[in-house]
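Take a moment with the sequence and the structure below. Then follow the text through the chain.

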Amino acid sequence: MLYDFDKHIERRGTDCLKYDGLYQMLGRSDVKPLWVADMDFETPPFVIRTIEKRLRQRVLGYTVPTDRFYQAIISWMKRRHSVSLEPQDIHFVAGIVPGIHHALNALTEKGDKVLIQPPVYHPFAHLIEVNERTRVDNPLHIVNGRYEMDFDDLEKKLPGCKMMILCNPHNPGGTVWTADVLERVAKLCHRYGVTVLSDEIHSDMAHRGHTYTPFVNCCPEAREISLAMNAPSKAFNMPGIVVSYCYSLSPSIRERYFTFLDRADVALGNIFAYDCLAACYSEEGEEWLNQMLDYVTENCKIVIDFLRQQCPRIRPMLPENSFLLFLDNSDMPFTTTTEMHDFYLNKSGLYLNEGEMFGKEGEKFMRLNVALPRAELDDVLHQLKQSYDEIVAS
Ligand SMILES: Cc1ncc(COP(=O)(O)O)c(C=O)c1O
């Protein structure tokens with residue numbers, strides 16, 4: 001079956017964060033939302049059918065994860081990513097951000113040092129701060145249009161840390177960490193007794209030619225020290241369902257974290273969550289995912305080619321994963337970040353994520369979500385080009 005990603009879906013008026021939430025924030029409906037990481041494509045029909053089937057059962061009672069849920073994860077992780085799991089290695093979590101919050105509480109103490117690699121998905125820093133842990137930054141560096149880790153700095157900063165939160169693959173840079181890089185991280189963290197929480201929510205969206213390595217698979221040391229978080233919600237465009245899970249091959253991490261989740265009763269799924277995951281982690285799901293990835297990879301390519309030819313002073317990082325492009329504006333004639341934000345929002349009529357939300361290292365960047373129909377993407381590029389010409393020519 002061929003899925004139609006060109007189809008316009010009217011999302012305004014559906015209470016969605018991307019459009020209606022933006023209206024609440026800005027009081028404006030004249031800007032194109034290209035920010036929060038969900039897609040302007042239809043959620044796959046097999047997910048919708050699964051929900052419809054549940055609704056026909058007429059009673060929406062408490063629902064538990066059954067073997068179907070665990071076996072769907074086990075089979076997917078084996079087929080797609082060569083990870084071998086048993087049901088007891090896995091626990092449902094109701095959202096990865098809440099899952100990280102609970103992991104900080106279960107596995108670290110107030111005041112403990114937790115390392116992150118900015119610019120990175122902003123809730124990492126926020127959760128460390130609100131939980132009164134001490135944030136340690138190991139900033140990433142751009143080399144030839146992609147992020148690289150600074151291992152000298154990492155080795156200096158890891159001693160004394162309790163946890164490292166890794167974004168694998170990386171958001172907002174779209175970097176797929178290689179097995180070698182992950183192995184170096186794992187060996188260092190193992191040496192210094194640091195638990196690695198690997199957020200792998202972007203793992204199913206590596207572009208062709210790039211291979212995502214699950215952290216747990218990079219070397220034997222990684223198995224002993226890591227907790228991975230994953231979900232089909234991002235890749236299958238259903239974050240509103242709230243279905244995620246974690247897994248660990250370390251009995252000690254499982255004992256501390258899973259017990260914490262169970263005691264606090266904070267990891268229960270809604271009636272649709274378990275089945276929706278199983279629907280995605282199927283052969284039909286694989287087919288949809290491959291087609292979606294082809295479409296968004298082509299969108300990335302269109303944007304990159306367009307910028308190179310028409311707006312060469314906006315330089316995208318080279319995406320290896322997902323549908324997010326991190327745009328470097330250092331060569332643009334902005335004297336302040338306020339001017340940059342004004343250019344995108346007011347002069348171009350586009351709402352992107354401001355790079356500095358991912359850390360000060362991102363302050364000259366804007367994050368563009370390209371998961372939208374191609375005709376709409378063309379309009380976006382046209383709008384950008386007009387304001388670019390005005391500001392660069394002036
Ligand atoms: C790296 C990363 N982790 C987690 C999330 C959100 O996960 P959840 O909606 O399950 O809390 C996102 C959403 O964009 C993300 O990019």
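Start with helix 4 (residues 96-107) and helix 5, which pack at an angle of about 35 degrees, with axes 10 Å apart. Helices here are DSSP runs of H or I with at least four residues, strands are runs of E with at least two, and both are numbered from the N terminus. Axes are lines fitted to C-alpha atoms, for helices over the stretch in contact, and angles run from 0 to 180 degrees between N-to-C directions. This is a predicted model: local features need pLDDT of at least 70, side-chain atom pairs count only at pLDDT 80 or more, and totals for chains, interfaces and linings use all residues. Residues are numbered from 1 along each chain as its sequence is written.

Which residues meet? Helix 4 brings Val97, Ile100, His101 and Leu104, and helix 5 brings Pro123, Leu127 and Ile128. Two residues are in contact if their C-beta atoms, placed from the backbone, lie within 7 Å. By class, the contact of helix 4 with helix 5 has six nonpolar residues, one polar and no charged. Ala, Val, Leu, Ile, Met, Phe, Trp, Tyr, Cys and Pro count as nonpolar; Asp, Glu, Lys and Arg count as charged; the others, Gly among them, count as polar. An α-helix has 3.6 residues a turn, so residues three or four places apart point the same way.

**The ligand**

Now look at the ligand. It is surrounded by 14 residues, and the closest are Ala37, Gly95, Ile96, Val97 and Tyr121. A residue is near a molecule if its C-beta atom, placed from the backbone, lies within 6 Å of it. The shell divides into eight nonpolar, four polar and two charged residues.

**Two domains**

Step back to the whole chain. Domain 1 covers 17-44 + 284-389, and domain 2 covers 60-281. These bounds come from an automatic or database domain assignment. The two centres, taken over C-alpha atoms, are 26 Å apart. Domain 1 gives 25 residues to the contact, and domain 2 gives 33. On the side of domain 1 that touches domain 2, helix 11 (283-310) and strand 12 (324-328) are the elements that give two or more residues. Helix 11 gives the most, with four residues. This side of domain 1 has 13 nonpolar, eight polar and four charged residues.

**An enclosed helix**

Why is helix 10 (residues 273-280) largely enclosed by the rest of the structure? Eight of its eight residues are buried. A residue is buried if 20 or more other C-beta atoms lie within 10 Å of its own, exposed if 12 or fewer, and partly exposed in between, with C-beta atoms placed from the backbone. Among the buried residues are Tyr274, Asp275 and Leu277. Their cover includes helix 2 (45-55), helix 3 and helix 11.

Most residues other than glycine have a negative phi, and most peptide bonds are trans. Ser82 has a positive phi of about 55 degrees. Ser82 sits in the loop between helix 3 (67-81) and strand 2 (90-93). Is Ser82 buried or exposed? Ser82 is exposed, with 10 other C-beta atoms within 10 Å. Asn237 has a positive phi too, near 50 degrees. Asn237 counts as buried, with 23 C-beta neighbours inside 10 Å.

Two peptide bonds deserve a look. The bond from Pro118 to Pro119 is cis, with omega near 0 degrees. Pro119 is in the loop between strand 3 (113-116) and helix 5 (123-130). The bond joining Asn171 and Pro172 is also cis, with omega about 20 degrees.
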